[in-house]
Amino acid sequence: MTEKIGLEQIEEFMDMLTGGELPEGILMPRQPQLSRGEAFSVIWFLQEHLRVLDDSIEMCGVCEELFDYHCGGFIVDGSDEPDDWHRDIGVTSEMLEKNDGYKFCSSECEYQHWAKVRGEGNCEQKQD
Ligand SMILES: [Zn+2]
């Protein structure tokens, strides 16, 4: 019998890889101390190459929380045109193209990201 490995189990795995709390009854004398980014590379390999984990679990590029893409969140498609929400906050198609593949768990995180991208753009303009 195989039980589906979901978001909760992958979060446990993330905690194990990053030196966080271990599930009850698990003792590990050499627990890894990876960064969340490194740990997600391990998860990604298990998803995309070994296909043991569901590939709908993604890590937010802003807050680094895991989320199930089937239940929410947003992944930037660089070939898309900005929608009304994007246009309202000043996101251009060029910005979408440059941030292709960027992942967000929520619109709050996405908003933060675009605000930062716009901020960086302004700094470059000041050099004129
Ligand atoms: Zn987030």
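Predicted model: local features only at pLDDT ≥ 70, side-chain atom pairs only at ≥ 80, totals over all residues.
Let me start with a distance: the centres of domain 1 and domain 2, taken over C-alpha atoms, are 26 Å apart. The domain assignment puts residues 1–55 in domain 1 and residues 56–128 in domain 2.

What does each domain bring to the contact? Domain 1 gives nine residues, and domain 2 gives six residues. On the domain 1 side, helix 1, residues 7–17, and helix 2, residues 36–48, each supply at least two residues that touch domain 2. Helix 1 has the largest share of that side, with four residues. If we sort the side of domain 1 that touches domain 2 by class, we get five nonpolar residues, four charged ones and no polar ones.

Next, the two helices themselves. In general, a pair of packed helices is described by the angle between the axes and the distance between them. Here, helix 1 and helix 2 pack at about 130°, and their axes are 9 Å apart. The crossing of helix 1 past helix 2 is right-handed.

Which residues meet there? From helix 1 we have Ile10, Phe13, Met14 and Leu17, and across from them in helix 2 are Arg36, Ala39, Val42 and Ile43. By class, the contact of helix 1 with helix 2 holds seven nonpolar residues, one charged residue and no polar ones.

Now to the backbone. Arginine 51 is not a glycine, yet its phi is positive, at about 55°. You will find arginine 51 in the loop between helix 2 and strand 1, the latter being residues 57–59. Is arginine 51 buried or exposed? Arginine 51 is exposed, because 9 other C-beta atoms lie within 10 Å, and 12 or fewer count as exposed.

Glutamate 64 is another residue other than glycine with a positive phi, this one near 65°. Glutamate 64 sits in the loop between strand 1 and strand 2, where strand 2 is residues 66–68. With 16 other C-beta atoms within 10 Å, glutamate 64 is partly exposed.

Staying in that loop, glycine 61 is also placed between strand 1 and strand 2. Glycine 61 is partly exposed, with 18 other C-beta atoms within 10 Å. Which residues does glycine 61 contact, once its neighbours within four places in sequence are left aside? They are Tyr102, Lys103, Phe104 and His113. There is also a C-alpha separation to mention: glycine 61 and cysteine 109 are 48 residues apart along the chain, and their C-alpha atoms are 8.3 Å from each other.

Last, back to domain 1, which runs over residues 1–55. Glycine 6 is in the segment before helix 1. Glycine 6 is partly exposed, with 13 other C-beta atoms within 10 Å. How far apart are glycine 6 and aspartate 55, in sequence and in space? The answer is 49 residues in sequence and 10 Å from C-alpha to C-alpha.

That is what I have for today.

Conventions:
Residues numbered from 1 in each chain as written. Domains from an automatic or database assignment. Contact = placed C-beta atoms within 7 Å. Nonpolar A, V, L, I, M, F, W, Y, C, P; charged D, E, K, R; others polar. Axes fitted to C-alpha atoms, helices over the stretch in contact; angles between N-to-C directions. Left-handed = near helix turned anticlockwise from the far one by under 90°. Buried ≥ 20, exposed ≤ 12 C-beta atoms within 10 Å, placed from the backbone.
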